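Have the sequence and the model open as you read.

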Amino acid sequence: MDTQLKKGIIDILTLATLRRSNSYGYQLVQDISNVMPINESTLYPVLRRLEAQGMVTTYTREHNSRLRKYYQLTQSGLDRLQEFCGEWNQMQRIYNYIVNSDEQGGLEKSYE
């Protein structure tokens, strides 16, 4: 997958995961890995960037006598998710155009 596309998708997957519930880094890696392979060294820069952009906030909570950093979706992050859904509709139209550009359906068959 293209690096820039993957970067954007990881951002969206992170925001979508946090929409379900607040979470900490390791758990986010586990949840996102169910959809797309990711490791902690990839996720933490994403979390820092999302926090700098105001899409997530953080707080700490004690767990097993240690402080754990949790991430929480902000309204800005939720707005970005909604924006992405609108963009995705356009991407689906583009995808359909590309795979249907061959009258014989050859492109679509090669992706199955």
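## Terms and source

A residue is called buried under 20% relative accessible area, exposed over 50%, and partly exposed in between (1.4 Å probe, protein chains only). Helices (H or I, at least four residues) and strands (E, at least two) are DSSP runs, numbered from the N terminus.

This is a predicted model, where local features need pLDDT of at least 70, side-chain atom pairs count only at pLDDT 80 or more, and totals for chains, interfaces and linings use all residues. Residues are numbered from 1 along each chain as its sequence is written, and side-chain values use heavy atoms, leaving out hydrogens and water.

In helix α3, the buried residues are Leu-43, Val-46, Leu-47 and Leu-50. Viewed down the axis of α3, its buried residues fall within an arc of 100°, so they line one face of the helix; the arc is that of the directions from the helix axis to the C-beta atoms. On the face turned away from this buried side, α3 carries the exposed residues Ser-41, Arg-48 and Ala-52.

What do the buried residues of α3 pack against? Their partners are α1 (3–20), α2 (25–33), β2 (56–63) and β3 (66–73), with contact meaning heavy atoms within 4.5 Å. After α3 comes Gly-54, which has a positive phi, near 80°.

## The nonpolar core

A nonpolar core is a set of buried Ala, Val, Leu, Ile, Met, Phe, Trp, Tyr and Cys residues joined through side-chain atoms within 4.5 Å. The largest one has 22 residues, and Leu-15 and Leu-43 touch the most other members. α1 gives the most to this core, with seven residues.
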